[in-house]
Amino acid sequence: MSMWARMRYKAVKDLFLPFFVRYVQKGKKRSVKRPPSPPLRINKTLKALIASHYLLARYAEGAVPVAWVTSGAPVELLRAFGYYTLYPENHSALCAAQKMGGSLCSFAEEKGYSQDLCSYAKIDLGVHYSRKTPVGRLPKPDLLFASNNICQTVLYWYKVLSKAYSIPLILFDTPYNYQSLRPEDLSYMVSQIHEIIHQLERLTKKDFDPEIFSKTLEISKSTCETWKDILYCMQATPAPATIFDIFSHMLPVVSLRGLPVALRYYNLLLHELRERVEKKIAAVPNERIRLLWDNIAIWYKMRDLSNILMQHKANIVAATYTNAWAETIPYMDPHNPIESIAKAYSLVVLNNNLKHRLNLIYTLAKEFKVHGILMHSARSCKPYSVGQYDMARILSSQYNIPCLIIEADIADERYYSDEQNRTRLEAFLESLT
Amino acid sequence: MIPERSSYIKQKKAEGWKICGVTPGFYPKEILLGANLLPVEIWDPAVEISLAYPHLQPTICSIAKIIISFLKTDAANLIDVIFVNHICDSLQNLGSLIHDFGLSNKPILFFYNPKEPYSSSTNLYLKDILKSLISGLNQLNMPVSLEKVQEHISHTARNYRLISKLFEMQSLAQTFLGPMEFGKIIRSFGYLMPLDFNTSIDWVINDCPKDFNIRYRLVLSGIFPYQHSIMEYLSSRHVTISQDDSLFLRRRIPKTFSDEPEDPIQELINRYLSLPPCPTRGSDLEHRAEHIIKLVGESNSQGVLFICTKFCEPEYFDLPYLKDSLDSHKIPHLVLETEIGEPLSMANFTRLDAFLEGLR
């Protein structure tokens, strides 16, 4: 790490960023169609937060250690060593939302990566080969940190990145819970965390500070709790936001988890949503149909889906995806940090059995008073998608909750059939009224 | 000389053995045998694959579909226990699907394959999960005899030696065994008792007629390349399989092993830790490339044939790196994408022909 890079990073962070945030918050005047309900005031702050996160990342290279991390990895460990963290999954979602997914995937495909691989991974590899990104530039990582609690794919993907950047890859290996968390699985994960700490000490030449770690965990826990409160604002009828708003606001809990800025941001969001609940401001005027979403968002189709739902006075008010960062908070214990993060991270929905997911969907459906379920069968995401056909059958036949399965992809717009999905969705919504 | 699978299973069942249907991947075969369970691997039984369509998306691999389809047939009644290896996302969820949503009424055992790089925690974890497997079998009233485990450890050690010997002979053109016959023998590794497998290989090594005219030598890689249509094609083109890097065979054969270890459990752990590189265990790409290049050199092969099962993520992610590494060593290679249980497409025949032409 060079002194010049550190000074530049500090100057950007402390002096330039506050002005930049204000500039972005002010925003450009755009002639957009007026939405039927007022947009969230905080959207501008979110935009500024994302922009400043990626801007500062550019100056982090060479100034502080930079790690690329999977969304389900226990990032609190890295925070204790001062890593600047970036989330390739989040960046891929951002590229997809800008409708750059297909073209970036094709860069990876030209290099020999199969069309059938996860599009998050292909976008990331496409960015590596093409150097194209909507955020300007990504800093070269010093470390890769992955956990296979969300899928095994991240391991294969990060192995490729590790070779491409010639940097170490640390894996937190989390056995899947077929029934319940077994003591042997827990002790395996706990001893891995101790090994990871030693590895990080060697890489950063810093001693592990348990106090910073516990404090980070406390912030993470509060952030996830606040995130849960935000999600539960959607129980109100009418709901104060749409799931597409909530998807957009996931970046802090995913990418900035363990940092005070994420917690501060969510307190503002929670305040605004509670205000809207109190004033009965509906995200979807005359809300008639309430739905639940299963799987990752279809990032490049959020606006189109939102419009179709709005036309039918339907709103998606809950999602297993957004709930993933709220579900396992009770396990986080700053007084027993190592074991508690092992539990919290290994019991996430994608590392848990399908019976658990079915029960979760049913519980959320009841809690949020939904009329039906939209299941996104994502060709990129096997752990989220395998089992959905059976779950949909059980939910409709045994629990009397209608389900619609939409075949699509999370980030590659080439696999989305507009007409087919619109027709099916409209027919489903009509059947619910 | 090789007993046919279904008649062999019926014969063993009549002898009092119970049958354990095992999904692809590495598993501690000797522990199952020690519980009087005959492991029969479910790779490609002849089933109507459409039986899986109500459960799995079109973008899921044919292996997962075949397993589900098989479990819905009458043939699955022969199975007493299902053993699910957790080696990829699809098989992970498949195990849960079978267990949680009643796709089978048989008891299910799960086995996680811990990922590389291995450390002291991996060693301890393997010990714990092997013990947990033994207690799981006890709970199913299938007690594990450690003496029997020990006995099967020496039989499998001999399996490994004979397989090495067989490939050595193949690479030196001493067996003259065409892929059709060779494939049959190799496939029997997935259902024969280790002792019976040794007998089959002994026959090949000592008494096999030498009537195969070799024109090409290839290293075979992929998940399950020993499919009938592929072997038939390779036989017709006088290709000999001089080495193997498949999940079905050599990626499950440890580099170091002992015949009569003091502690059978520790021996099984050591075997796991010394398995050749495999993406399903998260092996390093460079190690895997080096391993394949070494196989090519040692067996004097002319190239590498990757038989990839469509939608198999662990294999797909490694391929570009492996292909680049082979290119840098001027080793010809070809990737064929296949669906297990389906014949090779015309396009694949054409590509194979062109590849073999280039090797001349």
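Modeller: Two residues are in contact when they have heavy atoms within 4.5 Å of each other. By that rule, and leaving aside residues up to four places away in sequence, A:Trp227 touches A:Ile246, A:His249, A:Met250, A:Val253, A:Tyr266, A:Thr322, A:Trp325 and A:Ala326. The model is predicted, so local features need pLDDT of at least 70 and side-chain atom pairs count only at pLDDT 80 or more, while totals for chains, interfaces and linings use all residues. Residues are numbered from 1 along each chain as its sequence is written, chains are lettered from A and ligands numbered from 1 in the order in which they are written, and side-chain values use heavy atoms, with hydrogens and water left out.

A nonpolar core is a set of buried Ala, Val, Leu, Ile, Met, Phe, Trp, Tyr and Cys residues joined through side-chain atoms within 4.5 Å; buried means under 20% relative accessible area, exposed over 50%, and partly exposed in between, with a 1.4 Å probe and protein chains only. The largest such core has 267 residues, and those touching the most other members are A:Tyr120, A:Trp227, A:Phe247, A:Leu291, A:Trp299 and B:Tyr226. Helix α2 (residues 43-60) of chain A gives the most to this core, nine residues; helices (H or I, at least four residues) and strands (E, at least two) are DSSP runs numbered from the N terminus. Because domain 1 (5-145) and domain 2 (147-357) of chain B both supply residues, the core lies between them; these bounds come from an automatic or database domain assignment. Apart from this core there is another, of 30 residues, including B:Leu37, B:Leu109, B:Ile129 and B:Met142. The centres of the two domains of chain B, taken over C-alpha atoms, are 22 Å apart, and 42 residues of domain 1 are in contact with 39 residues of domain 2.

Turning to charged pairs, a salt bridge is a side-chain nitrogen of Lys or Arg within 4 Å of a carboxyl oxygen of Asp or Glu, and the count over all chains is 39. One of them joins B:Asp318 to A:Lys159 at 3.3 Å, N to O, crossing between chains from helix α12 of chain B to helix α7 (residues 153-165) of chain A. B:Asp318 counts as buried, at 0% relative accessibility, and A:Lys159 is buried at 5%. B:Asp318 also forms a salt bridge with B:Arg288, the closest N and O atoms being 3.0 Å apart. Because B:Arg288 lies in helix α11 (residues 285-299) of chain B and B:Asp318 in helix α12 of chain B, this pair ties together parts that are 30 residues apart in sequence. B:Arg288 is buried as well, with a relative accessible area of 0%, and salt bridges that share partners join A:Lys159, B:Asp245, B:Arg251, B:Arg288, B:Glu315 and B:Asp318 into one network.

Strand β8 (residues 333-338) of chain B has five of its six residues buried, so it is largely enclosed by the rest of the structure. Strand β7 (residues 303-309) of chain B pairs with β8(B) in the parallel sense over six bridges, where pairing requires that DSSP finds at least two bridges between the strands. Within this pair B:Ile307 stands opposite B:Leu336 in β8(B). The chain passes from β7(B) through helix α12 (residues 313-328) of chain B to β8(B) in a right-handed β-α-β crossover, meaning that, with the strands pointing away from the viewer, the path from the first strand over the helix to the second runs clockwise.
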